Structure formats: structure tokens, C-alpha cells
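Thank you all for making the time this morning. I would like to walk through one structure with you, going from charged pairs to strands and rings and then to the ligand.

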Amino acid sequence: MRAIVVSEPGGPEVLSWSEVPDPQPGPGEVLVDVRATAVNRADLLQRQGHYPPPPGASEYLGLECSGVISALGAGVDGWAVGQQVCALLAGGGYAERVAVPVGQLLPVPDGVDLVDAAALPEVASTVWSNVVQVARLAAGETLLVHGGGSGIGTFAIQLGAALGATVVATARAAKHDRLRALGAAHLIDYREQDFVEEVRRVTSDAGADVILDIMGASYLGRNVAALAYDGRLVTIGMQGGRKGELDLGALLAKRGTVAATALRSRPLEQKSAIVRGVREQVWPLVEACRIRPVIDRRMPISEAADAHRLVESSDHVGKVLLTVD
Ligand SMILES: NC(=O)c1ccc[n+]([C@@H]2O[C@H](COP(=O)([O-])OP(=O)(O)OC[C@H]3O[C@@H](n4cnc5c(N)ncnc54)[C@H](OP(=O)(O)O)[C@@H]3O)[C@@H](O)[C@H]2O)c1
């Protein structure tokens, strides 16, 4: 088969669409002929040599895909050759074929095109596991989503709104109209405005009950300042650095919680439980059109280097898909 190969750690130019050995489905896995995959920010880090795949995962890039099952490994029940699926992956999506543990497979939701379905597994699993499982967002609460225009952010805005929360999001101004249309009630241009002041203003000083953070260190103090009493801050990205100073006095005065999670390195059982939760709780919202895949554009996978340049520039809104013919 062909896969995107990283010749050496570096810029987008190190990516090439090359012949590699086919993967074989092990026990409890299926082989998927990939129709599309999506670019995630983590792929840029892996390409640069900063985010190696967890032990046992494919060496190729790609944390999600959609496609058609072409073979079943030993002991697989409930899935059939020819079935259209999408999948959460620990790696290997940037390829013509990938072996997937059945616990990470999802049916393509009704009403979603097979290619577009590649935009869903990673963001749905990440956002649902953090906003619902970890932070227990409830109807009537305020959710602050940092990076509202990202793949993660566009999904989090829609899920928060569908769950009955008031969603506030940070993003550069050019993206605000798109994010309002997805359900964000208030938008903050983080380049021009102080998000703590804005959150206080739009919540009548109450603050945000839940914050989904992708910045890490650079936002830690301000995120705690923006939390409501009993608020929950969940950090899933460290674009602003990994080591910050936490004022425990400020946190305990708020009775706040700070949590952080990474999806890719979770054990198979945890990923399977998350994927089950997504299927039970999120897929019905997708099928009812309360949540849609937000796709900036589709590009042929042979143009993966250009897709990485686009995501690096942050000029996209939502997901950039790579299609495989
Ligand atoms: N822990 C996990 O399991 C997990 C899983 C998936 C993703 N993630 C993380 O989630 C984040 C989003 O991933 P993605 O693939 O969806 O990324 P993406 O589409 O590449 O988006 C990155 C976003 O960062 C935003 N941003 C940059 N500086 C910002 C700032 N100072 N304040 C607010 N937003 C800022 C950009 O907003 P503008 O374009 O508006 O400037 C852009 O929308 C990444 O950090 C990624 O590593 C974590």
C-alpha cells in the first residue's frame, strides 16, 4: 500500500506518499481501506519528531479515518467486510489501509457522507471525554472554549450548545461569524480582548463553569481567574507551554478543579469506553443534525504537505480532510 512517510523530523516537505508494507489485522482488529483521514495538530508535532506514537501503534501519521472494512482479524464479531466505518486511531490513518481495534470503530452516522465522517472520531472522542466525562458540563452552565475555530473548538461549541450550555469561545475575529452560526453565544477576539474580563462581562461576573483549554501554561492563571465557583478547567493542549504557575489560593477560593488528559496514550479499554459513549450520546446528536462535521476543505492525501502548511497557518476553520482514492 501507500502511506505518507516522514523521511526525517522536519517541516512539511519531509512528507512523501510512498510504497510501504501492508498492515495485517491482529486478533480483535479489522482492516479498513481508508477513504479519508484528517489533519490534527498532533500530526504536525509528530512530523517534527516531538510526539512519537505510543508503543504498539502504527509509525505513520493519522489519528482518525473513514473507510470500508476489507478484512476481519481473529475473534471479531459484529462487524462485516464491506461495512462503512470511521475510527479513532493511535496512528496509521495517512495510508491506504489501517488495522483498527474493534473498540475504536464507529458506524458512519446516518446523514453523514463517508469522506466527511473522517472529521468526527478524534474531536468527538476528545471533546466528549473531557467536557462530559471529566468536567460534567450540565445544561444551563457556561462553557468557555479556547480556540473555537479549531477542529476541537468547532465540535466543542456544537456539543456544548446541544447540551444546553451557553458557549463562549475565543478565536481570531475573522472566524467569529462561522462560530456564531455553530452555536457560540459570545465570541472573544483573544488577540485584542482580555478573555477574563469578557467572560466576567457576559456572565454577569459569575465566570465559566467549564473551560476547555488548549493553551496550557500561558493561560493557566487567567483560566483560573475566569472560572466560576465550583468551576472545572480541563487542559488538553499545551500550545502556550507546559510549565505554568498555579495559584492554589485562587483555585481553592473558587472550589475549582484543574484536570488534564491525553486521548492517544490511553489504554485500549478506556478508548473503547469513550468510543462507546460517543456512539451512545454523541452520534444521535449528529444524526439529528444538532452537530455537523465542520470541514474547511478536502485535499488529496498526496498533498499532505500543503495541508500541514494550512493547519500550521491556522487559516482553516474546523477540519482539513485528506482523501484517498
Ligand atoms: N489532549 C488530547 O487528547 C487532545 C486531542 C486532540 C487535540 N488536542 C489539542 O487540541 C488543540 C486543538 O487541536 P486541533 O487539531 O483541533 O487544532 P487546530 O485546528 O490546528 O487549531 C489550533 C487552534 O489554536 C488556536 N489558538 C492559537 N493561539 C491561541 C490563543 N492564544 N488563544 C486561543 N486560541 C488560540 C487557533 O485559533 P485562531 O485560528 O483563532 O488563531 C486555532 O484555532 C491542540 O492544542 C491539540 O494538541 C488534544
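Let me begin with how elements are named: helices (H or I, at least four residues) and strands (E, at least two) are DSSP runs, numbered from the N terminus. What you see is a predicted model, in which local features need pLDDT of at least 70 and side-chain atom pairs count only at pLDDT 80 or more, while totals for chains, interfaces and linings use all residues. Residues are numbered from 1 along each chain as its sequence is written, and side-chain values use heavy atoms, with hydrogens and water left out.

I will start with the salt bridges, by which I mean a side-chain nitrogen of Lys or Arg within 4 Å of a carboxyl oxygen of Asp or Glu. Searching the whole structure gives 15 salt bridges. One of them joins the side chains of R201 and E198, at 2.8 Å from N to O, and both residues belong to helix α5 (residues 195-202), where they sit three residues apart, about one turn of the helix. For accessibility, I call a residue buried under 20% relative accessible area, exposed over 50%, and partly exposed in between, using a 1.4 Å probe and protein chains only. On that scale R201 counts as exposed because its relative accessibility is 58%, whereas E198, with a relative accessible area of 13%, is buried.

A second salt bridge pairs D230 with R255, with the closest N and O atoms 3.0 Å apart. Here D230 lies in strand β12 (residues 227-235) and R255 in the loop between α7 (248-253) and β13 (257-260), so the pair ties together parts that are 25 residues apart in sequence. D230 is partly exposed at 41% relative accessibility, and R255 is likewise partly exposed at 48%. There is also a network of salt bridges that links D22, D33 and R97.

Let me turn to the strands, where two strands pair if DSSP finds at least two bridges between them. How many residues of strand β11 are buried? Strand β11 (residues 208-213) is mostly covered, with six of its six residues buried. On one side of the pairing list, strand β8 (residues 142-145) and β11 pair in the parallel sense over three bridges, and V145 has L212 of β11 as its bridge partner. Strands β11 and β12 also run parallel, joined by five bridges, and L212 has V234 as its bridge partner in β12. From β11 the chain crosses through helix α6 (residues 217-226) to β12, and this β-α-β crossover is right-handed, which is to say that, with the strands pointing away from the viewer, the path from the first strand over the helix to the second runs clockwise.

Next come the aromatic rings: those of Phe, Tyr and Trp (its six-membered ring) pair if their centres lie within 6.5 Å, and planes under 30 degrees apart count as stacked, over 60 as edge-to-face and the rest as tilted. By this rule the count is one aromatic pair. The pair is F195 with Y219, tilted, at 4.8 Å centre to centre and 45 degrees between the planes. It links distant parts of the chain, with F195 in helix α5 and Y219 in helix α6, 24 residues apart. Both F195 and Y219 are buried.

Finally, the ligand is surrounded by 26 residues, the closest being R41, K175, Y190, Y219 and H316, where a residue is near a molecule or strand if one of its heavy atoms lies within 4 Å of it. A polar side-chain atom of Y190 lies 2.4 Å from an oxygen atom of the ligand.

Conventions. Polar contact = N/O pair within 3.5 Å; in protein donor to acceptor, adjacent residues only side chain to side chain.
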